[in-house]
Amino acid sequence: MSRKVYILYEDQRGPQRQFAPHVFVVQCVADELGQQAKSVTGRLEPIPCKGDSKLLAKLENELDPLVRSGNPVVAVMDDDQIRQLLKLDRSTKKREVAAHIRTRAAGSSVTVRLLVKNMETLVEACAAQVGDPPPEKGHKSRDAYLQRGAWELGPQDRRAIRAAVPSFDCLVQVVAHLVR
């Protein structure tokens, strides 16, 4: 039996139907596993947290039931502002930032992935892949490009997007490994 992977996102809007960043992650994980997205969807549970501070609070205070379930937990955060929130020096390496976040996760084995610079970097790569200029920052354009990347582009195009954003590619590989 396959296990479920919980993915915490720092997204400002919180829970919603067809959460575009997760839809794109699901499709990329399915590509990585050589499967259809529908076979992966139920095994990846999105938990949008309405911001980085609320994601950290969830790791500190609400992670226990997820961890006790025996299922892996992945926290996805933007790399551009997290050091300031954690009161770390700007030169702190990503690995050290992730370790600091894990210490706040009540001693659990949560996997932390920082997107360089942020989700907009991924959106820009999606836009570039379809030949569009970088879109203006905003949830509407972000969702449109991520959904388009998931539903209209093929696996080769998504691999090119992943190659353009190595931190996202790393997230996809980690989640694919955990869901196997």
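A search of the whole predicted model turns up 11 salt bridges. One of them pairs the side chains of Arg142 and Asp11, with N and O 2.3 Å apart. This pair ties together distant parts of the chain: Arg142 sits in helix α8, Asp11 sits in the loop between β1 (5-9) and α1, and 131 residues separate them. Arg142 has a relative accessible area of 5%, so it counts as buried. Asp11, at 8%, is buried too.

Arg142 also forms a salt bridge with Asp143, at 2.9 Å from N to O. Asp143 is buried as well, with a relative accessible area of 11%. Through shared partners, Asp11, Arg142 and Asp143 end up in one salt-bridge network. Elsewhere, Glu62 and Lys58 make a salt bridge of 2.8 Å, N to O; here Glu62 is partly exposed, at 45%.

Arg142 and Asp143 turn up again where α8 packs on α1: in that contact, Ala20, Pro21, Val23, Phe24 and Gln27 of α1 meet Arg142, Asp143, Leu146, Gln147, Gly149, Ala150 and Trp151 of α8. By class, the contact comprises seven nonpolar, three polar and two charged residues. As for geometry, the axes of α1 (residues 20-33) and α8 (residues 139-151) come within 8 Å and cross at roughly 20 degrees. That angle is under 35 degrees, so the two helices count as roughly parallel. The crossing of α1 past α8 is left-handed.

Another arginine, Arg158, belongs to helix α9 (residues 155-164). Leaving aside residues up to four places away in sequence, Arg158 touches Phe24, Gln27, Cys28, Asp31, Gly149, Ala150 and Leu153.

How values were computed. Residues numbered from 1 in each chain as written. Predicted model: local features only at pLDDT ≥ 70, side-chain atom pairs only at ≥ 80, totals over all residues. Heavy atoms only, no water. Axes fitted to C-alpha atoms, helices over the stretch in contact; angles between N-to-C directions. Helix = DSSP H or I, 4+ residues; strand = E, 2+ residues; numbered from the N terminus. Parallel < 35°, antiparallel > 145°, perpendicular 65-115°, else oblique. Left-handed = near helix turned anticlockwise from the far one by under 90°. Contact = heavy atoms within 4.5 Å. Nonpolar A, V, L, I, M, F, W, Y, C, P; charged D, E, K, R; others polar. Salt bridge = Lys/Arg side-chain N within 4 Å of Asp/Glu carboxyl O. Buried < 20%, exposed > 50% of the residue type's maximum accessible area, 1.4 Å probe, protein only.
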